[in-house]
Amino acid sequence: MSFWEKFKSAVSGWMYGRYGVDAFGRALMYASLALLVVFFLTGISLIWYLSLAGYVWTMVRMFSRNVEKRAHENAVYLEKTQKVRTELRQARVRFQNRKQYKYFKCPHCRVRLRLTRGCGEKTITCRKCGHTFNMKA
Ligand SMILES: [Zn+2]
């Protein structure tokens with residue numbers, strides 16, 4: 001067994017029964033990193049302590065053996081941020097397809113709609129509220 005294999009085996013043995021990384025852990029890590037960048041830009045020591053606290057919290061969660069409680073924390077995080085995460089994912093898709101489609105909102109109910117670019121002026125009937133209007137793409 002090589003040194004690397006022994007090392008991997010030792011780490012996986014030590015991590016056995018511990019929680020590991022989840023979406024909340026990753027978010028905490030990125031938030032701590034962002035705080036560290038803000039600290040380097042501003043030099044406010046309180047921000048450095050907050051960043052450090054975020055890293056410590058991330059580590060404590062990763063190596064925790066209380067898997068049930070950590071999973072519950074992650075579920076709460078996912079539930080509270082679902083709207084924002086969905087909005088960000090949809091914004092990314094809209095940005096990727098911006099040359100193919102024109103995106104706009106229904107003027108009546110604000111639901112998001114799209115038209116293929118270059119299709120000319122169309123009369124659109126909103127699928128949600130039935131409002132009819134003209135849109136050029
Ligand atoms: Zn509508």
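This is a predicted model: local features need pLDDT of at least 70, side-chain atom pairs count only at pLDDT 80 or more; totals for chains, interfaces and linings use all residues.
Strand 3 (residues 121–125) and strand 4 run antiparallel and are joined by 5 bridges. Within the pair, Glu121 has Lys136 of strand 4 as its bridge partner. The hairpin of strand 3 and strand 4 has 6 residues between the strands, and in this hairpin Gly130 adopts a positive phi near 80°.

Strand 4 covers residues 132–136, and of its 5 residues the number buried is 0, so the strand lies largely in the open.

A second hairpin is formed by strand 1 and strand 2. Strand 1 comprises residues 101–105 and strand 2 comprises residues 112–116; the two run antiparallel, with 5 bridges joining them. Lys102 finds its bridge partner in strand 2, namely Leu115. Between the strands of this hairpin there are 6 residues, and Arg110 is found with a positive phi near 65°.

The domain assignment of the protein gives domain 1 as residues 17–96 and domain 2 as residues 98–137. Taken over C-alpha atoms, the centres of domain 1 and domain 2 are separated by 37 Å.

Attention now turns to the helices. Helix 2 packs against helix 4 (residues 67–96) at an angle of about 70°, and the axes of the two helices are 8 Å apart. Because angles of 65 to 115 degrees count as roughly perpendicular, helix 2 is described as roughly perpendicular to helix 4. On the side of helix 2, the contact is made by Ala23, Phe24 and Ala27, while helix 4 contributes Glu73, Asn74, Tyr77 and Leu78.

Helix 2 spans residues 23–42 and includes Val37. Is Val37 buried or exposed? Val37 has 11 other C-beta atoms within 10 Å, and it is therefore exposed, since the exposed class takes in residues with 12 or fewer such atoms. Val37 can also be placed relative to Trp48: the two residues are 11 apart in sequence, and their C-alpha atoms are 9.2 Å apart in space.

Definitions and conventions
Residues are numbered from 1 along each chain as its sequence is written. Domain bounds come from an automatic or database domain assignment. Two strands pair if DSSP finds at least two bridges between them. Helices (H or I, at least four residues) and strands (E, at least two) are DSSP runs, numbered from the N terminus. A residue is buried if 20 or more other C-beta atoms lie within 10 Å of its own, exposed if 12 or fewer, and partly exposed in between; C-beta atoms are placed from the backbone. Axes are lines fitted to C-alpha atoms, for helices over the stretch in contact, and angles run from 0 to 180 degrees between N-to-C directions. Angles under 35 degrees count as roughly parallel, over 145 as roughly antiparallel, 65 to 115 as roughly perpendicular and the rest as oblique. Two residues are in contact if their C-beta atoms, placed from the backbone, lie within 7 Å.
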